[in-house]
Amino acid sequence: MRKLFLLSILFTVLHSVVSYSQSVRINGEIVDEKTNNFIENAIIKVVNSDKYVVTNNKGEFIINANIGEKIEVSHVSYKTKIVVLQNSSLVVKLELAQIELNEIIVSANPLQDISQSVIVNETEKKISQPRSVGGLFRDIKGFGIAKKGAYASEPVFRSFRYEQLNVQYDGGMKVLNACPNRMDPITTHVIPEEIDKIEIVKGPFTVRFGQNFGGIINLVTKTPNRDKLGVHGSIEGGYETNGNNLVNGASVVYVGKKIDVNFNSSYRDFGDYTDGNGIEVPSSFRTTDYSIKLGINPRENQRLQFSWRQSFTRDIDHAGLPMDSPYDDSYLVGVDYKINELSEKINSFTFKVFYSYVNHLMTNEGRPSFMMVDARTPVESWTYGGKAELVFSLSDNSRLYTGIDANIIDRKGDRTRIVKIMNGMTLPNPITFYDKVWQDANLDDIGLFAEGKFKIEDFTTLTTGIRADFIATSLEDPAADFADLYGGIIKDKTETNVSVNISLKYQKNGFQAQLALGRGVRTASMVERYINHFNVGVDPYEYVGNPNLKPEVNNQIELSFMKKIKTIEIGATFFHSYLVDYITAVVTDIPRVYMPTTPPTVTKQFINVDKATQTGFEFTFNVKASEKLLFTSDVSYTRAQNKDFDEPLPQIPPFKANLGVKYENENYWILLSSRLVASQDRVSTTFMEEKTPGFGTLDLRLGFEPYNGLSIGASILNIFDKAYYEHLNFSYQNSSTLSGRIFEPGRNFTTYIKYQF
């Protein structure tokens, strides 16, 4: 680290003394090509340089550049244009672009950018055939993956997981899990190949996209390219040797002048894989997904979009959970509308509404416990939501975002247990029990927000926002034992949670610095409030909810720097969170209800911890050795502490480093990447957490385009057949052949082919 720091200083000094050719003062205007109206807040950037300026309310700009150099002119509402400077004055006309409905981060405009945010793309080259979208986060710095099996995996960012992260599709749509074990997280209900990019807000630094406690993850799906009229699409397929895994997919897109249609489909058939020790891990599943988007552009400044997607998954094995899933079906329907430039002061109006449903079944067929008890748990989840937002241009250098959003969640489901053996004796007439799992739980969240962005100097932007969430929760059908535990009656609960943020961003000549402070508040989830003696953790304990939980509060400060010095990019982020009323689970003396003599015979209960902290850093160092060769490296570490219990918080990803070298030519690319993960010996004794060893892996991926439209790829994953497991992997439970953690796949050869037309 010391050498890297000295190296960064050396390159900064060298950069400051490099001489540049004499530049001249360029005066220009940016206008709409059809109306000749001035375009304000357009960004003019000198190509192959970090020098940029922004147009004023008359579309004017002044920049120092050399005659013969190229400038890139961009605006969120217009198509980007490259112009060669011929003289010291010019007028650039821009063509109106299609209106984006799916994105939340618009980095091209300082008045629309989000503090401490990042966009991850090229997902197709990072993962060969991901089992679900959760696999896309493996190589992103700061992230770990909570894995219950080969299928049900979802991201953990720093110390935040599950509802502490606001994970959504296309700027606000959600398909929430019906299973209390999270066999069906939101990452399993969308086609991985459909993901165009992942947008990440690294903390409570915006209030515009729902409750934001530990960060926002927006999974942006692909949209039609309005420049390519007519019919086009793709067909693709892939195979993996470790598990005999097969992936097929197809997409068809029609783009007209006013209407576009986008159809995507995928079929996956994955088998049981073997780990680095040659042991077979139950991990098979089959899933069929498809989605349809219909877009209508009534006028150049308007877009209306209808979305429909369905997912059908069968025969899912969950090695880290006590039950498997014969089926998991879901669908989502959504409507988006956006209109730009309503008036001189109203920049845009956006409206979004969606509805999703999940039907899920858990059973213990094929598990050792089935000989004693036949257990079936059908559960359902309904999610309704929407958002309306108005964006005001208060002045040339300010913008105000105001709006309302909603997420309404309902869950139902009971477990049927047919007991065949009791107290060691086979019953002549099995006894049937009915257990209330979700107790017909409801959670409603209506949010109001306002966020302002102010350009206080040419290269400095201030952002500040406030949000109020109005929460209402209830149980329609409480279980008698759950009600007795809390005084006989479970009352409806309401609360009002206020979140605020303020940040400062400076960006000039390849240097960027950001300082952000935020207070994010999250209400307790349905599992934390209402789960009734059910196995929902990484251990064999029954968990019981607590309807009296207070909302969690994350007071976070984050400081980040990024510097580009010709072919070198150096970045660092430092963060600290002071967590109030942190929600965790502890072992209690509450007796186990189901199979009461099976160890452990007591229950874990969710509680609030008065004080906890999270502190850490992320560091990036990339070198572009040539136009074709790129070296990348990043490290991340989070240290989290339970101040009340004087011990670490549970389930924190350990120190991780990602190293890579990529060579990319005109028609082929090669990527060699390594993950180095340290041991995690900071574990929670109260949570009964176990230490995990460190490991390192090496992967090789390559792709080839023999001619335009055809792509062929292959990879060797875990080249050295390393036997390892992640700290966040759930442990095996109720398995006849395995005990301990879920080990990751051993060596795996993969191949894929894709044809675009």
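Modeller: Two strands pair if DSSP finds at least two bridges between them. Strands (E, at least two residues) are DSSP runs, numbered from the N terminus. This is a predicted model: local features need pLDDT of at least 70, side-chain atom pairs count only at pLDDT 80 or more, and totals for chains, interfaces and linings use all residues. Residues are numbered from 1 along each chain as its sequence is written, and side-chain values use heavy atoms, with hydrogens and water left out.

Take strand 16, residues 259-270. On one side, strand 15 (residues 245-255) pairs with strand 16 in the antiparallel sense, over 10 bridges. A hairpin of 3 residues links strand 15 to strand 16. Within this pairing, Ala 250 has Ser 265 as its bridge partner. Strand 16 also runs antiparallel to strand 19 (residues 285-296), joined by 12 bridges. There, Ser 266 stands opposite Asp 289.

The side chains of strand 16 alternate.

Now the cores. A nonpolar core is a set of buried Ala, Val, Leu, Ile, Met, Phe, Trp, Tyr and Cys residues joined through side-chain atoms within 4.5 Å. The largest has 74 residues, and Ile 198 and Leu 219 have the most contacts inside it. Strand 33 (residues 568-591) gives the largest share of this core, 5 residues. Apart from it lies another core, of 18 residues, including Ile 30 and Leu 85.

Notes:
Buried means under 20% relative accessible area, exposed over 50%, partly exposed in between (1.4 Å probe, protein chains only). Helices (H or I, at least four residues) and strands (E, at least two) are DSSP runs, numbered from the N terminus.
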